[in-house]
Amino acid sequence: MASTAVVRTRWFQRSSAVGEDRREPSKTPSMIAIRWRRKAFAIASVQEGDTGNGGGNNIGPLELNTVFDDLQPEIAFKDTPSLPKPLSVSDVSGSFNGSRLRVAYQGLPGAYSEAAAAKAYPNCEAVPCELFEIAFDAVERWLVERAVLPIENSLGGSIHRNYDLLLHHKLHIVGEVKYAVRHCLLANPGVKREDLKRVLSHPQALAQCEHTLTKLGVVREAVDDTAGAAKFVAVNKLQDAGAVASSSAAEIYGLDILAQDIQDDPDNVTRFLMLAREPIIPGIDKPFKTSIVFSLEEGPGVLFNALAVFAMRDINLTKACFNILYRYTWYFDYLFYVDFEASMAAVNAQNALRHLKEFATFLRVLGSYPMDMSQA
Ligand SMILES: O=C(O)C(=O)Cc1ccccc1
C-alpha cells in the first residue's frame, strides 16, 4: 500500500510539472483533475515531509486537513460505501499509512538511540537492530520506514564510522534530533561501587564518563551498545562488573542505579540523524541544514577554496570533518563532510554547490532537513 501511494505521488508530481492530465475524467474533468493533483500533493506531504521533528515541507497541518476535506464530495460521488478517515496531524506524527511508523536503531531496548527515535518520531515503533548496517538494510528493504543513528556528540566529536555508512548506502538524511544523554552507573542488586573491578559500555559512553571511571579505578570494556552492556551484567549476574547505561536500561534489566549523571560534561548532548529512503522536499519556511560529502584534487589551498564557496555567500558551516576513503591499499581519497545552515531550496545554497562542483572530484548531498532547534 505504501508503494502504491508513493508511485501515485510521483506520477502526479511529474504530470503536473509538465502540465499533463492523464487521468480518465468521468465528470467535470477540470475540477476532478485539479482535486486529484491537490490530493497527490497532500499524500506527498505525508509521505515525504518528515513529520516527526518539525516536518520538511511547506504545507502546514491546517492545509493538509483542508486539502483532504476538499476531496470529500468527489469521493462521495464515486459511491464508495465506507470512506477512509482522512489523516489528521496527530496521525502523521509517528505514523505511516495509519500504522505506527517503524524506526530502526542500533542496540537493545533501553539504548539512547531508542530514546532518540522516540523523540524524533513520537509514538513510533522503535525496532532494535544488532548493527548499524542492519538498521540501514532494514530501511532499504522496506522492513522499516526510518533509521536513527548517532552522528556526533558534544564531547567525543564525530562518529566517523557512521559517516562512512551514510556514504555506502542510498539513504537520505530527513532530520536531526539532539538528545541529552544522562549516563548512570548500574550494577546487580547488592553490588556496591567498591566491588566493581570493570565497567562495560559503548565506547562513546565510556569516553564521556572518563573522569568518573578513572576515579573508580575500574577497567573499561567496550561493547556494542549501552543497553547491551546492562543486559550482559544482569543476565550473567556479574558481581564485580557494572555498566554505564540509561536509567531506563536499569529498569528493563533489573539493575540498581549506583550513581546518576556520571558524564563529565553535564550538558552532554548527542546529535542523531533521521534517515529515510526518500529525501524530503526542502523548504525555506524554517531553518534548514544541508549535509554534503565531497572529495577534492590534491594541492595547496583546495580545501580553503572549497570552504570559501560557503563563506562568500554568508552560509554558516555547523560542521566540517574528514575521513579517508581507501580505494586500494595504496591509493586513497580524503572525504570531506560538511553541514551548512541553509536549505537546498535556497538560491545561495544551490549556487554554492554549483560552485563547489566545478572543482570537487566527487560531491553528494546527503540530505537537506529542518534543524533541531530544541534544547536537547
Ligand atoms: O549505546 C547506546 O545506547 C547508543 O544509543 C549509542 C550511544 C552511546 C553513547 C552516547 C550516545 C549514543
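**View 1. Helix 8 in the shell around the ligand.** In this predicted model, helix 8 gives the most to the shell around the ligand, supplying three residues. Helix 8 covers residues 203-208, and together with helix 5, which spans 112-120, belongs to the helices that each contribute at least two residues of that shell.

View 2. The shell is made up of A111, Y112, S113, V181, H202, Q204, A205, Q208, D225, T226 and T270. Sorted by class, these residues comprise four nonpolar, six polar and one charged.

View 3. A polar side-chain atom of T226 is placed 2.5 Å from an oxygen atom of the ligand, and a polar side-chain atom of S113 lies 2.6 Å from an oxygen atom of the ligand. Taken on its own, the ligand has 310 Å² of accessible area, of which the protein covers 99%.

**View 4. The cavity that holds the ligand.** The space that the ligand takes up is the largest cavity. Among the residues around the ligand here are H202, D225 and T270, while helix 5 and helix 8 each bring at least two residues to the shell.

**View 5. The salt bridge between R271 and E152.** R271 and E152 form a salt bridge in which the closest N and O atoms are 2.5 Å apart. Because R271 belongs to strand 13 (residues 269-276) and E152 to strand 5 (residues 146-153), the pair ties together parts that are 119 residues apart in sequence. A search of the whole structure finds eleven salt bridges.

Methods:
Residues are numbered from 1 along each chain as its sequence is written. This is a predicted model: local features need pLDDT of at least 70, side-chain atom pairs count only at pLDDT 80 or more; totals for chains, interfaces and linings use all residues. Side-chain values use heavy atoms; hydrogens and water are left out. A residue is near a molecule or strand if one of its heavy atoms lies within 4 Å of it. A polar contact is a pair of N or O atoms within 3.5 Å; within protein, one must be able to donate a hydrogen and the other to accept it, and residues adjacent in sequence count only if both atoms are side-chain atoms. Accessible areas come from the Shrake-Rupley method with a 1.4 Å probe; for residues, only the protein chains shown count as cover. On a 1 Å grid over the protein atoms alone, a cavity is a set of points where a 1.4 Å probe fits but cannot get out, and a pocket is an open set with protein on both sides within 12 Å along at least five of seven lines; lining residues have an atom within 4 Å of a point. A molecule sits in a cavity or pocket if more than half of its atoms lie within 2 Å of its grid points. Helices (H or I, at least four residues) and strands (E, at least two) are DSSP runs, numbered from the N terminus. Ala, Val, Leu, Ile, Met, Phe, Trp, Tyr, Cys and Pro count as nonpolar, Asp, Glu, Lys and Arg as charged, and the others, Gly among them, as polar. A salt bridge is a side-chain nitrogen of Lys or Arg within 4 Å of a carboxyl oxygen of Asp or Glu.
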